[in-house]
Amino acid sequence: MADSAQAQKLVYLVTGGCGFLGEHVVRMLLQREPRLGELRVFDRHLGPWLEELKTGPVRVTAIQGDVTEAHEVAAAVAGAHVVIHTAGLVDVFGRASPETIHEVNVQGTRNVIEACVQTGTQFLVYTSSMEVVGPNTKGHPFYRGNEDTLYEAVHRHPYPCSKALAERLVLEANGREAMWPGCMCWQPGNWSGGQP
């Protein structure tokens with residue numbers, strides 16, 4: 001009985017797990033995912049709040065690393081059942097160079113995808129940005145849409161361009177050998193494309 005209960009425990013990795021979105025995902029997983037056996041938090045800058053999480057029933061592993069370093073990503077992904085990729089460089093004010101934004105958001109996503117392929121990780125959840133879907137070519141906002149709604153966005157700044165490119169990489173990788181059966185959107189207890 002103990003073996004079957006242990007076999008059901010899942011390993012999750014959250015890239016950018018100490019960022020604004022990532023921290024919320026980490027805390028939500030700890031509260032709402034009953035099959036969670038280990039939660040890996042991967043970030044360049046590890047928050048001191050992670051220490052309080054290490055005292056609970058779920059093994060929380062803090063991994064300092066950079067998504068632009070493929071070997072660091074691969075090591076973090078190895079053995080994970082689910083990867084939630086929230087790492088990214090958000091820059092809507094033009095403070096970071098276009099090259100840095102591209103390196104983090106596009107190459108970082110490529111590194112995560114390749115690590116998932118190489119390790120056979122079944123599920124990848126990619127967090128994109130509302131910047132990807134608007135404004136459209138006529139300058140109209142995007143509202144009341146879903147994953148199937150077509151949009152023709154105009155991206156004039158490095159951040160939305162990088163997020164649109166990264167999203168395209170994830171969509172193109174969907175279905176590759178050893179990849180996930182399809183997941184761009186995720187809600188607790190509700191998988192799109194299958195359950196691990």
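A crossover between two strands is right-handed if, with the strands pointing away from the viewer, the path from the first strand over the helix to the second runs clockwise. In this predicted model, β1, helix α2 (residues 20-32) and β2 form such a right-handed β-α-β unit. Helices (H or I, at least four residues) and strands (E, at least two) are DSSP runs, numbered from the N terminus. Because the model is predicted, local features need pLDDT of at least 70 and side-chain atom pairs count only at pLDDT 80 or more, while totals for chains, interfaces and linings use all residues. Residues are numbered from 1 along each chain as its sequence is written, and side-chain values use heavy atoms, with hydrogens and water left out.

Of its 196 residues, 42% count as buried, where buried means under 20% relative accessible area, exposed means over 50%, and partly exposed lies in between (1.4 Å probe, protein chains only).

What are the pairing partners of β1? Two strands pair if DSSP finds at least two bridges between them. β1 pairs with strand β2 (residues 36-43) in the parallel sense over 6 bridges, and in β2 the bridge partner of Y12 is L39. β1 also runs parallel to β4, joined to it by 4 bridges; here T15 has H85 of β4 as its bridge partner.

The cysteines come next. The structure holds 0 disulfides, a disulfide being a pair of cysteine sulfur atoms within 2.5 Å. C18 is buried, with a relative accessible area of 16%, and C116 is buried too, at 0% relative accessibility.

On the surface, V90, V92 and F93 form a nonpolar patch with about 340 Å² of accessible area together. Accessible areas come from the Shrake-Rupley method with a 1.4 Å probe, and for residues only the protein chains shown count as cover. V92 lies in the loop between β4 (82-85) and α5 (98-119), and this residue counts as partly exposed because its relative accessibility is 49%.

Technical notes
Patch = residues over 30% accessible without salt bridge, like charges linked within 9 Å, V, L, I, M, F, W, Y side chains within 5 Å. Salt bridge = Lys/Arg side-chain N within 4 Å of Asp/Glu carboxyl O.
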